[in-house]
Structure formats: C-alpha cells, structure tokens
Amino acid sequence: MTGCCNVFKVELRWPEQIATSNWFPPLVYTIFNGLLAIVFVAFLIMILSDSIPDIGAFWLIYLTNWALIVETIAMVMLCISTVWAYAKLPDGPSQGKAPLFVRYTVALWYLIQPLSLIVVILLLGVNEAQPLNALEFSFFAARIPWSFKNFIWGLVFLLTYLGWTLIHFFAQIGTPRGCELYIDPECPIYDAFDWNMPMMTTIITIFALVGYAVLAGLYTAFVRCRQCCFPTPVGEVETKDGPQNIETIENAA
C-alpha cells in the first residue's frame with residue numbers, strides 16, 4: 001500500500017521550484033504563466049461558444065475536449081500557484097511541504113504534459129488548432145521536478161476515458177452526426193476506436209498504453225536534457241537582506 005501511495009506522491013521544494021524558471025526571472029515567469037492561463041481560458045470559451053450550439057452536450061464525448069478542459073484548469077491553477085510562490089519566495093527558497101492546492105496543481109501538470117503531446121498527434125489529421133505547443137514551451141521553462149513514475153497521473157486519466165468509451169458503447173449514446181456503418185446510437189466516438197469490433201479495439205488499447213509509457217520515458221529524457229542545459233534558475237529575488245541571486249540563496253539553503 002505504501003509503494004502504491006508513493007507513486008502518487010508529489011514532492012517538490014516549495015516555493016522555489018514553483019516560482020522560478022530555467023529561462024525567466026521570477027516576476028517574468030509569473031506573468032508568463034498568467035498569460036498562458038488567459039490564452040487557455042479564452043480558447044476554451046471560443047471553442048465552447050462555437051461547438052455547443054452545433055452539437056450540444058456531444059462536445060463532451062471526445063478525448064481532445066476532455067484534455068482541453070483539464071489543461072485549462074491546470075494552467076489556471078498553475079498561474080495561481082506561481083503567484084502564491086512568488087509572494088513566498090522572499091521568505092526563503094525552501095519552506096517545507098507545499099500547500100495541498102499546489103500539490104494538486106503539480107499533479108494536474110504531470111497529467112497534461114504527455115497528454116498534450118498525445119492530443120497534438122490526434123489532431124494532426126484534422127488540422128484542428130489548439131494552444132498545446134505552449135505547454136511544451138512551459139515544460140522546458142518550468143523547474144517542476146519530473147520522474148518516470150509521474151506518468152501514472154496521465155494513465156489514470158486515459159483509463160478513465162477508456163471506461164467512458166465503454167459506457168458510451170453500452171449505453172448507445174451515439175455521435176452528433178452519425179456514421180456510415182451503424183445506426184446513430186451505435187456509432188463509436190472515433191471510427192478507429194470501435195467497440196463493435198472488440199478484438200481490434202482491445203489491440204489498439206494495448207498499443208496505445210504501451211505508446212503512452214514510451215512517451216513518458218521520452219518526457220523523462222526531456223527533463224534530463226532540461227537539467228543539463230539549464231542547471232540553475234534565472235533571476236534575483238528581493239529578500240530582507242536586499243536583492244539576491246536565486247542560485248545563491250538556493251545553494252545557501
């Protein structure tokens with residue numbers, strides 16, 4: 001049980017690893033995360049205003065839209081956490097356990113990173129725009145720690161969506177525009193992921209889960225690259241002793 005809990009455990013140095021960046025001074029990084037949150041919220045509102053009048057609640061059946069909702073929530077929470085951490089940074093780079101809200105934020109951040117790349121791949125064939133490249137940019141700018149075990153958060157999300165596809169199939173919910181092979185209630189969410197052909201769909205599921213594990217390994221390599229290329233944080237912070245370089249106070253701690 002302890003080992004299982006450790007897989008889901010979020011560990012980071014608070015507030016330093018939330019408030020600082022490999023690329024930006026703390027204030028600029030805080031503004032950067034605020035702008036990202038605004039972009040995601042604006043994009044979600046735009047998509048909803050365009051899609052809901054057309055397909056209604058069917059908008060919620062698609063993986064890409066689930067991902068957009070979670071990504072928007074995560075970026076808003078990261079913005080709040082960064083502002084909070086920036087305000088705490090003058091008190092020292094390490095102040096014990098991060099607040100629960102911040103740990104939930106980091107868990108969502110772990111979830112959206114590989115997930116965002118999966119969505120980019122899914123959308124390549126439909127030329128549908130989403131502000132997902134900004135998440136990759138955010139990944140390299142951040143100093144939030146990552147290890148291979150953190151892929152468990154995205155795995156839980158994908159398994160939840162897998163369960164939803166089964167509910168959608170057995171409840172015969174259908175799709176907003178129907179399909180060629182079946183009557184409307186029997187239409188799968190995605191033509192390539194069709195529980196009317198369970199053997200093929202099971203094989204696709206297995207390959208998708210293996211692919212996700214490979215992707216998590218790739219992100220782990222990205223972090224090694226990030227740590228190698230940008231080993232120290234950027235900028236200064238105003239402390240009670242005056243402005244100090246973040247690397248200096250981090251080393252002192």
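This is a predicted model: local features need pLDDT of at least 70, side-chain atom pairs count only at pLDDT 80 or more; totals for chains, interfaces and linings use all residues.
**Entry 1: the cysteines**

I looked up Cys-179, and because its relative accessible area is 25%, I logged Cys-179 as partly exposed. My terms here: buried is under 20% relative accessible area, exposed is over 50%, and partly exposed is in between, with a 1.4 Å probe and protein chains only. Residues are numbered from 1 along each chain as its sequence is written, and side-chain values use heavy atoms, with hydrogens and water left out.

Which residue does Cys-179 join through a disulfide? The partner is Cys-187, at 2.1 Å from S to S. I call a pair of cysteine sulfur atoms within 2.5 Å a disulfide, and by this rule I count one. The Cys-179 and Cys-187 link is left-handed, with -90 degrees about the S-S bond. Cys-187 has 2% relative accessibility and is therefore buried. I also checked Cys-79, which is buried because its relative accessibility is 18%.

**Entry 2: the cavity**

On a 1 Å grid over the protein atoms alone, a cavity is a set of points where a 1.4 Å probe fits but cannot get out; a pocket is an open set with protein on both sides within 12 Å along at least five of seven lines; lining residues have an atom within 4 Å of a point. Grid points are joined across faces, edges and corners, and a volume is the space filled by probe spheres set on the points.

I found one cavity of 30 Å³ or more, and the largest cavity comes to about 70 Å³. Cys-187 turns up again in its lining, which also includes Thr-165, His-168, Pro-185, Glu-186, Asp-194 and Trp-195. By class I noted seven nonpolar, two polar and two charged residues in that lining. For the classes, Ala, Val, Leu, Ile, Met, Phe, Trp, Tyr, Cys and Pro are nonpolar, Asp, Glu, Lys and Arg are charged, and the others, Gly among them, are polar.

**Entry 3: helix H7 and what follows**

Thr-165 and His-168 sent me to H7, where both are among the buried residues. Others on that list include Phe-151, Gly-154, Leu-158, Tyr-161 and Trp-164. Helices here are DSSP runs of H or I with at least four residues, strands are runs of E with at least two, and both are numbered from the N terminus.

How far apart are the end C-alpha atoms of helix H7? They are 29 Å apart, which agrees with the 28 Å that its 20 residues (151–170) should span at 1.5 Å a residue. The expected span is 1.5 Å times one less than the number of residues.

Phe-170 also sits in H7, but with a relative accessible area of 65% I filed Phe-170 as exposed. Phe-170 and Asn-196 are 26 residues apart in sequence, and their C-alpha atoms are 9.9 Å apart in space.

H7 is followed by Gln-172, a residue other than glycine with a positive phi near 50 degrees. Gln-172 lies in the loop between H7 and helix H8 (198–229), and is partly exposed because its relative accessibility is 43%.

**Entry 4: the record and the whole chain**

I then opened the UniProt record. Its unreviewed entry places "transmembrane region" at residues 27–48, 60–87, 107–129, 150–171 and 199–222. Positions follow the numbering used here, feature names are shortened, and annotations may be inferred rather than shown by experiment. In the model, residues 150–171 are 91% helix and 0% strand, with end C-alpha atoms 33 Å apart. Residues 199–222 are 100% helix and 0% strand, with ends 35 Å apart.

Helix H3 (residues 26–55) reaches 42 Å from first to last C-alpha, close to the 44 Å expected for its 30 residues. Overall I see nine helices and two strands, and 45% of the 253 residues are buried.

**Entry 5: two last stops**

The Trp-14 to Pro-15 peptide bond is cis, with omega near 0 degrees. Pro-15 is in the loop between helix H1 (2–8) and helix H2 (16–19).

The second largest pocket has a volume of about 210 Å³. Of its 13 lining residues, Lys-9, Val-10, Glu-11, Lys-97 and Arg-103 are the closest to its centre. Helix H5 (residues 100–123) gives the most to this lining, with four residues.
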